[in-house]
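Dear colleague,

Please find below the structure that I promised to pass on. My notes on what turned up in it follow directly after, and I would be glad if you read them beside the model.

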Amino acid sequence: MKQIKYIILLVAALLVTATACAQRGEMMYADTTRTGAPFSKDPHVVKFGGRYLMYYSIPPYKNNPASGWNIGIAESHDLTHWNKVGEIVPTQNAEYEKKGLCAPCAIVRDGKVHLFYQTYGNMQNDAICHACSTDGINFERDSTNPIFRPTGEWNCGRAIDAEVFEYGGRYFMYFATRDKDFKVQMQGVAVASGDTDFGRSDWQLAIDEPILKPELEWEGDCIEAASVVQKDGKLYMFYAGNYNNAPQQIGVAVSDDGIHWRRMSDKPFVPVGKPGEWNSSESGHPHIFLDDDGRTYLFFQGNCRPGVEWYLTNVEVLWRDGVPQLATDGD
């Protein structure tokens, strides 16, 4: 009887949250299939096959921790309402990802979705992997996986949170890594030629040092989750500063070449929410999505109950004289 009451209360709470979000005119999505609580992280969106596909991280099953972190897939026709359509889980013959996989990045090339994701649970040995799909749901692994880990004395050899972006006839892979002490998280970048098949031998560090590391107080010891968009010949990087719930917040940097970056402000572009708001514990792990009509939307995660739940949302980003502005901040 107590269990039935709990389920009723949980459903009622979710309905209230959904209604409140709808009244605000916002997207609010969370996958409940793994833990029973709304829990989705690390969003990345592409338009493919006449609909939008969102890839995101989902935690281990509550009753099966060994299932590890995996990737969920949801689809939408309006960027607001999403329905889950699949999952990407470790394959039996892939030893490198058996502990888990997450933090997806997707791009569309030649009628296929190319997915870049990280292994999880291997500490310094976590690395970036690649897979491709003709339907956006079922993926074939790259035979050279993992395709990338950084070298050099400035990092520990780990690579997570991939962002792959085509610019100037090359593909740039932005990734997060840590220092040798495994304390400070920072951004690096690798490059491959424009005709790459994304295999391991094609990727080389563009510069043998971090391209962005935490310096501002609100960034704490962490910069991660880079997401890049091109506007008027410049590249804009939306990144997460600070570790989860520290709180994590979102900043923006700009570049003329994809390698050298400068911050646009010493303050967060998307700050943590106010007490009582859905993102009062963090606004984190951004993805900037450029739609076919030229409009841009910032997807990100947030929560008010650290470690218990995470929701995904998006806000349109407006551009004025090369400066991004959230549409919710007014015209």
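In these notes, a residue is buried when its relative accessible area is under 20%, exposed when it is over 50%, and partly exposed in between, using a 1.4 Å probe and protein chains only. The model is predicted, and local features need pLDDT of at least 70, side-chain atom pairs count only at pLDDT 80 or more, while totals for chains, interfaces and linings use all residues. Residues are numbered from 1 along each chain as its sequence is written, and side-chain values use heavy atoms, with hydrogens and water left out.

Salt bridges (a side-chain nitrogen of Lys or Arg within 4 Å of a carboxyl oxygen of Asp or Glu) number 16 in the structure. In one of them D31 meets K84, with the closest N and O atoms 2.8 Å apart. D31 lies in the loop between α1 (2-24) and β1, and K84 in strand β4 (residues 83-88), so this pair ties together parts that are 53 residues apart in sequence; helices (H or I, at least four residues) and strands (E, at least two) are DSSP runs numbered from the N terminus. D31 is buried, at a relative accessible area of 4%, whereas K84 is partly exposed at 29%. K84 also forms a salt bridge with E87, at 2.6 Å from N to O, and E87 is partly exposed, with a relative accessible area of 26%.

Turning to the rings, 20 aromatic pairs were found in a search of the whole structure. Rings of Phe, Tyr and Trp (its six-membered ring) pair if their centres lie within 6.5 Å, and planes under 30 degrees apart count as stacked, over 60 as edge-to-face and the rest as tilted. F198 and W203 are a stacked pair, 6.4 Å centre to centre with 20° between the planes, and both residues are buried. Y236 and W319 form an edge-to-face pair, at 4.8 Å centre to centre and 65° between the planes; Y236 belongs to strand β14 (residues 234-241) and W319 to strand β19 (residues 311-320), 83 residues apart.

Ring pairs also link F39, W69, Y120 and W310 into a cluster. K41 lies over the face of W310, 4.2 Å from the ring centre, where a charge sits over a ring if NZ of Lys or CZ of Arg is within 6 Å of the ring centre and within 35 degrees of the ring normal. The charged end of R34 likewise sits over the ring of Y61, 4.0 Å from its centre.
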